[in-house]
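Subject: Structure handover

Hello,

I am passing on the structure we discussed. Please have it open while you read the notes below.

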Amino acid sequence: MTSKHILIALATSTALLATQAVAQDYTPAEGYYDLSDQPDTGMFVQGGPKPGQGKLSGPPPLGEVQMEDVQVGPATFTVNYPIFDNFDALPEDVDLIREPVQSFERPEGDTHYYEVVLVNSMNISWVQAAILAQGEGGYLASLTSAEENAFVFSLVDDDKYFWEFPDDYTPDSHYRIKIGPFLGGVRVSDTEDSLAGWQWLSGEPWDYSNWAQNLNDGVTDRDPRNNTQPNGAGRQNVMGFGELNVPVPTWGDYWDTVAQYGERGMPSGYNKGFVIEYDTMPN
Ligand SMILES: [Ca+2]
Ligand SMILES: [Ca+2]
């Protein structure tokens, strides 16, 4: 082994140790798993009480699940929940508010249009939201500058747009972290680098990013773990505002299964909405 190889081996083992140290910071109690868990199977299980435990019912048995490939921009998702092509196709128990469309002149020089969708009951996953946006002639908001990010955040800078882990959800309940409205970033990569492979659904280059950074300030970040985002390579491939304790303009990466319609019979969970962007004023 050359000295160069030894250095690489040392760096690799150090990185592994660091990863293990972070993982060991948090041990879910018996009967629980969390959003950070790596599933053993191809099924992307979701955080919360395990099926049959806690107060929520479990997902349908695997034998009853119809898996379906859904193309969203550059990514293909294999989902086991319904996809709705347009807002009219949504089940009646989805109570949502489509806020008035707002315009913004981007630093790029053109004017784009933004529609916030507040989901008050039941859930809409990132994939479901992306398909709905596409059906409207838009895409999930793709924020290519600090200015555009600040403008879109100003539309959702309110607790009502951020879902917070409830007190009794998991033993530490993710330290009441909030998941904000979904945005149009999607990760297409099979590497372990969480920062690799992010693309905007608008097709624009990924030149700007605003991932949440670990703060441990006890207010904005009450999670004692290192929760610098993105932190879920291989399983958290979509994103939105969050993943801190108050509404923030920074971003977190999330499981693509977060907030799927009908999930575990939850009336409201994991997410409260999304932002659609249009290149021209929608009808
Ligand atoms: Ca932290
Ligand atoms: Ca994350």
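The notes go from the whole chain to single residues.

Numbering and model. Residues are numbered from 1 along each chain as its sequence is written, and chains are lettered from A and ligands numbered from 1 in the order in which they are written. The model is predicted, with local features needing pLDDT of at least 70, side-chain atom pairs counting only at pLDDT 80 or more, and totals for chains, interfaces and linings using all residues.

Confidence. pLDDT is the predictor's confidence in each residue, from 0 to 100. Its average over the chain is 80, and 72% of the residues score at least 70. For residues 1–62 the pLDDT is below 50, and this stretch has 57 contacts in the model beyond near neighbours in sequence. Two residues are in contact if their C-beta atoms, placed from the backbone, lie within 7 Å.

Overall make-up. There are three helices and 14 strands in the chain. Helices (H or I, at least four residues) and strands (E, at least two) are DSSP runs, numbered from the N terminus. Of the 283 residues in the chain, 34% are buried. A residue is buried if 20 or more other C-beta atoms lie within 10 Å of its own, exposed if 12 or fewer, and partly exposed in between, with C-beta atoms placed from the backbone. Among contacts between residues at least 6 apart in sequence, 67% join residues at least 24 apart.

The core and α2. A nonpolar core is a set of buried Ala, Val, Leu, Ile, Met, Phe, Trp, Tyr and Cys residues joined through C-beta atoms within 7 Å. The largest one has 49 residues, and those with the most contacts inside it are Ala-129, Ala-130, Leu-140, Leu-183 and Val-275. Helix α2 (residues 126–135) gives the most to this core, with seven residues. Eight of the 10 residues of α2 are buried, among them Trp-126, Gln-128 and Leu-132. Leaving aside neighbours within four places in sequence, Ala-129 is in contact with Ile-124, Leu-140, Phe-182 and Phe-274. After α2 comes Gly-137, with a positive phi near 90°.

Is Asp-85 buried or exposed? Asp-85 is exposed, because it has 11 other C-beta atoms within 10 Å. Its place is the loop between β4 (75–79) and β5 (95–98). Beyond neighbours within four places in sequence, Asp-85 is in contact with Ile-131 and Gly-135. The C-alpha atoms of Asp-85 and Ala-130 are separated by 9.8 Å, while the two residues are 45 residues apart along the chain.

Strand β12 and its partners. Strand β12 (residues 238–242) is largely enclosed by the rest of the structure, because five of its five residues are buried. Two strands pair if DSSP finds at least two bridges between them. β12 pairs with strand β10 (residues 178–187) in the antiparallel sense over four bridges, and Gly-240 is the bridge partner of Phe-182. β12 also pairs with strand β13 (residues 251–254), in the antiparallel sense over four bridges; here Tyr-254 is the bridge partner of Val-238.

Helix α3. In α3 (residues 146–156), the buried residues are Glu-148, Asn-149, Phe-151, Val-152, Phe-153 and Val-156. What do the buried residues of α3 pack against? They pack against β6 (102–105), β7 (111–121), β10, β12 and β14 (273–278).

Backbone points to check by eye. The peptide bond from Gln-229 to Pro-230 is cis, with omega near -5°, and Pro-230 is in the loop between β11 (198–200) and β12. The bond from Gly-242 to Glu-243 is also cis, with omega near 10°; Glu-243 belongs to the loop between β12 and β13. Tyr-175, although not a glycine, has a positive phi of about 55°. Tyr-175 lies in the loop between β9 (163–164) and β10 and counts as partly exposed, because it has 16 C-beta neighbours inside 10 Å. Ala-259 is not a glycine either, and its phi is positive at about 70°. Ala-259 sits in the loop between β13 and β14 and is buried, with 30 other C-beta atoms within 10 Å.

Regards
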